[in-house]
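Visitor: I would like to go through this structure with you, part by part. Could we begin with how the chain is divided?

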Amino acid sequence: MSTFAHRGASLNGRVQVPGDKSISHRSLIFGALAQGVTQVRGLLEAEDVLHTAAALRALGVSIERDESADGPVWTIEGAPWQAPDRILYAGNSGTGVRLLMGAVAGQGVEAVFDGDASLRKRPMGRIIEPLAQMGASSDSDDGRLPVKIAGGKLTGMRYRLPKPSAQIKSAILLAALGADGETIIEEPVLSRDHTERMLSAFGAEISFGPLEGAEATRGRTIHLKGGQTLKACDITVPADPSSAAFPLVAALIVPGSEVTVEGVLMNPQRTGLYQTLIEMGADLTFANERTLAGETLADITARHSALKGVSVPAGRAPSMIDEYPILSIAAACATGETRMEGLEELRVKESDRLSAVAAGLAGNRVSIVEGPDWLTVTGSGGEPLKGGDMVSTHMDHRIAMSFLVMGLVSADPVGVDSTEMIATSFPEFLTLMKTLGADIRAER
Ligand SMILES: O=C(O)C1=C[C@@H](OP(=O)(O)O)[C@@H](O)[C@H](O)C1
Ligand SMILES: C=C(OP(=O)(O)O)C(=O)O
C-alpha cells in the first residue's frame with residue numbers, strides 16, 4: 001500500500017506536535033544516571049525514544065509510564081547500571097545508540113548495540129574512536145553496528161570535535177561523567193546544546209571557555225569534571241521544532257492557509273529553518289514566548305506566503321540539519337533558485353538524504369542540481385508543482401513527510417512508498433495533517 005497526497009483545500013488550525021526527540025532521549029538517559037526519581041512530562045512517545053527506554057530498562061533502570069490529568073508521566077528511578085543480558089537494540093535511532101554508547105562506557109558496563117538496516121549503515125567510528133581515547137574498548141566490523149562497548153577506567157581527555165555533531169559531543173560528555181579527571185571538548189562550530197543544558201539542570205558543574213583566533217567568535221570549549229553525581233530533575237519536554245516544520249511549511253506553500261503550532265522549542269541551535277524561511281519572505285509569527293526548564297518556547301503561526309529563493313550558508317547547517325528535506329520542498333515553491341551548502345552530513349542520516357531529496361524533486365519534475373555537499377533547487381514561482389511521482393523514501397521518516405507535504409501543492413498527486421517509518425519521530429503526523437485539512441490517503 002502506498003500513500004498519496006493530493007492538492008486540495010487550504011490548511012487551517014491550531015495544533016500541538018509531540019515532544020522534542022533530542023530532549024526526550026536525553027531526559028530518559030539523564031534520569032537513568034541520576035540519583036533519585038525523575039519525572040518527565042511531554043515525552044515523545046515515538047519508536048526512537050521507546051527504544052532508548054527499553055535499552056535503559058535492560059541496563060537495570062526502572063522506567064514507568066502513568067496517565068495523569070495532563071497527559072502521560074514517565075518516572076525514572078536512577079540506579080547503577082548493570083550489564084544487560086541482551087543486545088541493546090536502538091531501531092532506527094542514531095541519537096539513541098550514540099548517546100547510550102557514551103553513557104555505557106562511562107558507567108563501566110559492557111553492552112552490545114544494534115539497530116535496523118538503516119542504522120547498521122551509519123558510521124559509529126565517530127563515537128568509538130573518542131571513547132577509545134578515553135580508555136573504553138570496543139569491537140565492531142569496520143565501525144558499523146553491531147558494536148560492543150566495554151567501559152572501564154576511563155580518563156578525561158581534551159578532544160576537538162571533527163564535525164559539529166551533537167551526538168558525538170553528547171556521547172563524549174556522557175562518558176566523561178564516569179571518567180577520572182576533566183574532559184575538555186573543543187567545539188569549533190556549535191551544535192544543539194541540550195546535553196550541556198541538561199547537565200546543569202541535573203546539578204553537574206559544566207563550564208565553557210573561548211577558543212582562540214578566528215574560531216573565538218563561532219566556537220567554544222566545554223569543561224566537565226568526571227565523577228560528578230547527577231541529581232534527579234523533573235522535565236517537561238517542549239514541542240519538537242523539527243516536527244513542527246512539516247505543518248508550518250505546508251501552511252506557507254498551500255494557498256489560503258494559516259496554521260499555528262503551540263509551544264515549540266526555540267533553542268537557537270535548532271531554529272535555522274525558521275531563520276531561513278523568514279529570509280525567503282515567509283509570514284511567520286512567534287507569539288507567547290516563554291521559558292520552560294531553561295529553554296525558550298513560542299507559538300508559531302505560518303500563513304501562506306510568496307517565497308523567494310535564498311542562499312543558505314554552510315555555517316547554518318548544524319542548526320537545521322534535519323530540516324533540509326522540508327526546506328527543499330519550500331524552495332521548490334519559491335521564486336528563483338535556493339542554494340544549500342554544507343550538506344555532507346545529510347549523506348549519513350537515516351538515508352542519503354541529499355540524493356533522496358534530489359531524486360524525489362527531480363522525479364516530480366522540479367529542476368535541481370545535486371553536488372557532493374550542496375543542492376540547488378529552482379522554484380515554481382508560487383505556481384502548483386507538477387508532481388506525479390512515486391517517491392522512494394528509503395524508509396526515512398523525514399523524506400516521507402516532506403514529499404507528502406509536496407503533494408499538497410502539486411497538480412498530480414505525489415506518492416510515497418512507505419509511511420511506516422514516520423512512527424520513529426512523529427506518529428501523529430498523518431492524523432494531524434488531515435485534521436488541518438490535508439488530503440492524504442493510502443491507495444493501492
Ligand atoms: O543530538 C541529537 O539529538 C541529534 C543530533 C543531530 O545529529 P548529528 O549529531 O549526527 O548531527 C540530528 O541530526 C539528530 O536528529 C538529533
Ligand atoms: C537524523 C535523525 O535522527 P537520528 O540521528 O537520531 O537517527 C532525524 O531524526 O532526522
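Visitor: How far apart do the C-alpha centres of domain 1 and domain 2 lie?
Guide: This is a predicted model, and the domain assignment of its chain gives domain 1 as 2-19 + 238-443 and domain 2 as 21-236. Taken between the C-alpha centres of domain 1 and domain 2, the separation is 28 Å.

Visitor: How do the residues on the side of domain 1 that touches domain 2 divide into nonpolar, polar and charged?
Guide: The contact takes 26 residues from domain 2 and 23 residues from domain 1. On the side of domain 1 that touches domain 2, the division is 10 nonpolar, 9 polar and 4 charged.

Visitor: Which strands stand at the edges of the open sheet of 4 strands?
Guide: The sheet runs in the order S23-S25-S1-S26, with mixed pairing. Each edge strand has a single partner strand, so one side of it is left without a neighbour in the sheet, and the strands in that position are S23 (390-391) and S26 (439-443).

Visitor: Which residue in S26 is the bridge partner of Ser2?
Guide: Strand S1, residues 2-6, pairs with S26 in the antiparallel sense over 5 bridges. In S26, the residue that partners Ser2 is Glu443.

How values were computed. Residues are numbered from 1 along each chain as its sequence is written. Chains are lettered from A and ligands numbered from 1 in the order in which they are written. This is a predicted model: local features need pLDDT of at least 70, side-chain atom pairs count only at pLDDT 80 or more; totals for chains, interfaces and linings use all residues. Two strands pair if DSSP finds at least two bridges between them. Helices (H or I, at least four residues) and strands (E, at least two) are DSSP runs, numbered from the N terminus. Domain bounds come from an automatic or database domain assignment. Two residues are in contact if their C-beta atoms, placed from the backbone, lie within 7 Å. Ala, Val, Leu, Ile, Met, Phe, Trp, Tyr, Cys and Pro count as nonpolar, Asp, Glu, Lys and Arg as charged, and the others, Gly among them, as polar.
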